[in-house]
Amino acid sequence: MDQLQKLFLEKISLNEQTAYDLNDDLAAHPEISGQEFRSVKKIIEILKAKEIAVTENVAGLPTAFVAHVIPGEKTQPKIGILMEYDALPDIGHACGHCASGSLSLLAALTLKEMAPTVSATIDLIGTPNEEATGDKITMANAGVFDDYAFVMMIHMNSDQTWPACRFLALSEIKATFTGQTAHAAAAPWQGKNALNGAMLACHAIDMARQQMKDGSRVSYILPQGGTASNVIVDKAELIINMRHANKYDLAENFSKVINCLEGAAQATETSVTYEKTGEDFDDMNLNAPGIAAIDEIMTAIELPHCDEPAGNATGSSDIGNVSYICPAFHPMMAISDHWFSLHTKEVTTIMQTPSKIHPVILGGAKVIGLFILKTLSDQKLMESIQAAFQASLKD
């Protein structure tokens, strides 16, 4: 480690308790996505007490903010530490955001203690609503992340620590088939069956899967398909969920699904319209040079870790959209010694157990802070991160 990294490890104890207290407070007072008003108020109070200026209501979101931890020179790199703090309905911080947000805060406050020696702009970016519609996407569309050399955050995992985490690209649409009612016994030939259109589309989608690339996932439900069995249905709805390991292949699958919808409508003499049910989530655009450096840091601080197991990723996150605007890093921190499903009460309990979660917060903050300082002292690493990012983008 270089001198700045060693100094970071010396300074981190100055704000450890502040981070632990924040985690414990958020864990005891969870707020659901988009309603994190008390949580943000608490965080901003901490930041202002440290004489850190805060821009609130970022991108028109009442619980989003940017804290200007170190206002560097325009010629210096601009780096963002992402912070989450929303919880889940009924089971609170089963997502672990109280801990991931607190370790982001600890990393930021420690870098603030070193401000005269850090040649960069460092921002702490409050990103709400991850568990619902994903307001990082809203912030990305508003240009919030455009000027950053990279951004970073860490999420909780059950029993393994990973230097990086993959996410699936996701797109979901609602398709509405419209036909013509008629009596199903007396004059069915006068009708145009919207339910037939929707069902034929389902069969077509199932067949189209054969020509979709490995890792494709398509699922659907039929929330509306008529109200009486003796009436030709004039309106039917499908909700179709599509995922893939990268957004470019997902776009190809999306086109295939639309062809299925339009073909089914033509075959049944109905019409079809479709609309997105929410923002598209991009896959995680992985950055190999940065991930390798994170791996080295985890080894240097003797943090047990491994690569994410091979196979298809299973989830999606709004940080994927950010990773196509600037390099983005998303390690995972183990919170136990055994596997269990996330978003469960077991996670909630660990978040409320200081002896278990406080060491995780400390370890995660070290990873973020040491990685940022490594990129600032190693110009070749920073250049490699930027080159890999540019090479990952398609026209």
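Q: What distance should the 17 residues of helix H4 span at 1.5 Å a residue, given that the end C-alpha atoms lie 24 Å apart?
A: In this predicted model, helix H4 covers residues 97–113, and its end C-alpha atoms are 24 Å apart. The expected span is 1.5 Å times one less than the number of residues, so for the 17 residues of H4 the expectation, which agrees with the model, is 24 Å.

Q: How many of the 17 residues of H4 are buried?
A: Buried here means under 20% relative accessible area. Helix H4 is largely enclosed by the rest of the structure, because the number of its 17 residues that are buried is 15.

Q: Which residue of E4 stands opposite Ile 70?
A: Strand E2 (residues 65–70) runs antiparallel to E4, and five bridges join the two. In this pairing, the residue of E4 that stands opposite Ile 70 is Ile 122.

Q: Are the residues of strand E4 that point either way from it buried or exposed?
A: Thr 121, Asp 123 and Ile 125 point one way from E4, whereas Ile 122, Leu 124 and Gly 126 point the other way. Six of the six residues of strand E4 (residues 121–126) fall into one class, so the strand is largely enclosed by the rest of the structure, and that class is buried.

Q: Is Asp 318 buried or exposed?
A: Asp 318 lies in the loop between helix H8 (288–300) and helix H9 (319–322). Leaving aside its neighbours within four places in sequence, Asp 318 is in contact with Glu 84, Glu 130, Gly 134, Asp 135, Lys 136, Ile 137 and Phe 281. Its relative accessibility is 0%, and Asp 318 therefore counts as buried.

Q: Which residues lie closest to the centre of the largest pocket?
A: The largest pocket has a volume of about 940 Å³. Of the 39 residues that line this pocket, those closest to its centre are Phe 167, Thr 314, Gly 315, Ser 316 and Leu 342.

Q: How many charged residues does the lining of the largest pocket have?
A: Strand E6 (155–157), strand E7 (169–178) and strand E9 (235–244) each supply at least two residues of this lining. By class, the lining has 13 nonpolar and 18 polar residues, and the number of charged residues is eight.

Q: What percentage of contacts between residues at least 6 apart in sequence join residues at least 24 apart?
A: The protein chain has 12 helices and 12 strands, and its C-alpha trace spans about 85 × 45 × 40 Å along its principal axes. Buried residues make up 52% of the 395 residues in the chain. Among contacts between residues at least 6 apart in sequence, the share joining residues at least 24 apart is 79%.

Definitions and conventions:
Residues are numbered from 1 along each chain as its sequence is written. This is a predicted model: local features need pLDDT of at least 70, side-chain atom pairs count only at pLDDT 80 or more; totals for chains, interfaces and linings use all residues. Side-chain values use heavy atoms; hydrogens and water are left out. On a 1 Å grid over the protein atoms alone, a cavity is a set of points where a 1.4 Å probe fits but cannot get out, and a pocket is an open set with protein on both sides within 12 Å along at least five of seven lines; lining residues have an atom within 4 Å of a point. Grid points are joined across faces, edges and corners, and a volume is the space filled by probe spheres set on the points. Helices (H or I, at least four residues) and strands (E, at least two) are DSSP runs, numbered from the N terminus. Ala, Val, Leu, Ile, Met, Phe, Trp, Tyr, Cys and Pro count as nonpolar, Asp, Glu, Lys and Arg as charged, and the others, Gly among them, as polar. Buried means under 20% relative accessible area, exposed over 50%, partly exposed in between (1.4 Å probe, protein chains only). Contact means heavy atoms within 4.5 Å. Two strands pair if DSSP finds at least two bridges between them.
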